[in-house]
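Keep the sequence and the structure in view while reading.

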Amino acid sequence: MEIQVNYNDKILGGLYGQALGDAFGMPALFHPRDTWEKIGWIESFLPAPDDHHVHAGLPAGRITDDSEQAFSIAQAYIRHGGVSVAAAVEALLAWYDRVGGDESPYVGPSTKRGVTALRRGDDPYTTGLWGDTNGAAMRIAPVGLMFPGNVVGAVENAVLTCVPTHYTGVAVGGACAVAAAVAVAMLPDVTLDAVVAAGILGAELGMEKAPRWLGPSTARKIEQAVAIARSAGDDRRRLMRLYDEVGTSLSVPETVGAAFGTLVMASGDPMQTAVYAANLSGDADTVGAIACAMAGTYAGFAAFPESAVNTLNNDEVFASYDVPAIADGIEKLIAAP
């Protein structure tokens, strides 16, 4: 007899986790010591400093392009009844126009290059052939939510999502790591070790599904980051090791590796994952969005404090995406024959 699973708690956890890590990491600075000295140890939603390199002026609890693109992608797939390159293109173009991408300081280099080519009418299977930064990995979590326990399905559909802007082996491998980990995190009573193992497998499978590109192995970066997370030393020492040895730049293996490191340091708890990702600094909103999407799916929405949920719900940008409706739509996609 087939067991019916209610996935809504896991889906909401993944979507709210995406936003939680994004908004928590938003004010962080380039280097951990700068964050700790100028802002302090980040333990709550904070506004961006007035001199922030990208996010100056953003209020506490504000999400950024990481979550906006993830939610836009999810909405397009729900409208179209599933994942496709055409739906990914539609979502990215709509989001880009919504935020005024030509003038926005938040649009990543690979996404901007790909969208520019798409608007010119180029073939979507060519517009992402130089996309090697972390934009695909940061927005991929909803694809994992659509394929509970199905690593192969998550990987295949993550590849389609990457095609328009990030169709390189390094970018696809990183995105597939996240999608596979989220897919396995959707299972009831799953272990954190199983989530990490799925991420490593997803990275290895995904890297072979797009043209080769220069860069280290995301799978090996995940292993390195997890080893650091489980090593001796206090929180700040391990975060400094993650920053110095794994990295938190726009590089996909760095971003995804660091995200798995903070996830494991926090034992999969969404709030603690957000704290670690924010204090890790660098591209902290992206590391946090990825890490907390995995943590939120793993732990479920019930693990989120009401205060954190209320802060996100009160952010006008987050509220504009109607995340509970996205969760319902994803659940219906899972249930569809």
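D269 caps the N-terminal end of helix α15. One of its side-chain oxygens lies 3.3 Å from the backbone nitrogen of M271. The model is a predicted one.

Among the buried residues are P270, M271, T273 and A274. V275, Y276, A277 and A278 are buried too, as are N279 and L280. What does the covering of these buried residues include? It includes α1 (8-25), α2 (32-38) and α13 (235-246). It also includes α14 (252-265), α16 (284-299) and α17 (306-313). Just after α15 comes S281, with a positive phi of about 70°.

| Pair | Angle between axes | Distance between axes |
|---|---|---|
| α1 and α3 | about 160° | 8 Å |
| α10 and α14 | about 20° | 9 Å |
| α1 and α17 | roughly 80° | within 11 Å |

Take α1 and α3 (residues 65-80). Their angle of about 160° makes α1 roughly antiparallel to α3. The crossing of α1 and α3 is left-handed. On the α1 side, L15, Q18, A19 and D22 make the contact. By class, the contact of α1 with α3 holds four nonpolar, two polar and two charged residues.

Next come α10 (residues 169-185) and α14. At about 20°, α10 runs roughly parallel to α14. The crossing of α10 and α14 is left-handed. From α10, the contact takes V170, A171, G174, A177, V178 and A181. From α14, it takes V252, P253, V256 and F260. Nine residues of the contact of α10 with α14 are nonpolar, one is polar and none is charged.

How do α1 and α17 lie to each other, roughly parallel or roughly perpendicular? Their axes cross at roughly 80°, so α1 and α17 are roughly perpendicular. Y16, A19, L20 and A23 of α1 meet A308, V309, L312 and N313 of α17. Seven residues of the contact of α1 with α17 are nonpolar, one is polar and none is charged.

An α-helix has 3.6 residues a turn, so residues three or four places apart point the same way.

## Two buried residues

T64 sits in the loop between α2 and α3. Is T64 buried or exposed? T64 counts as buried because its relative accessibility is 3%, and the cut-off for buried is under 20%. A polar contact of 2.8 Å links the side chains of T64 and D66. Leaving out residues up to four places away in sequence, T64 touches D22, M26, H55, L58 and D285.

G206 lies in helix α11 (residues 192-207). Its relative accessibility is 0%, so G206 counts as buried. Which residues does G206 touch, not counting those up to four places away in sequence? They are V155, G169, V172, G173 and C176. G206 and A180 are 26 residues apart in sequence. In space, G206 and A180 are 9.7 Å apart, C-alpha to C-alpha.

Notes: Residues are numbered from 1 along each chain as its sequence is written. Side-chain values use heavy atoms; hydrogens and water are left out. Buried means under 20% relative accessible area, exposed over 50%, partly exposed in between (1.4 Å probe, protein chains only). Helices (H or I, at least four residues) and strands (E, at least two) are DSSP runs, numbered from the N terminus. Contact means heavy atoms within 4.5 Å. A polar contact is a pair of N or O atoms within 3.5 Å; within protein, one must be able to donate a hydrogen and the other to accept it, and residues adjacent in sequence count only if both atoms are side-chain atoms. Axes are lines fitted to C-alpha atoms, for helices over the stretch in contact, and angles run from 0 to 180 degrees between N-to-C directions. Angles under 35 degrees count as roughly parallel, over 145 as roughly antiparallel, 65 to 115 as roughly perpendicular and the rest as oblique. A crossing is left-handed if the near helix is turned anticlockwise from the far one by less than a right angle, and right-handed if clockwise. Ala, Val, Leu, Ile, Met, Phe, Trp, Tyr, Cys and Pro count as nonpolar, Asp, Glu, Lys and Arg as charged, and the others, Gly among them, as polar.
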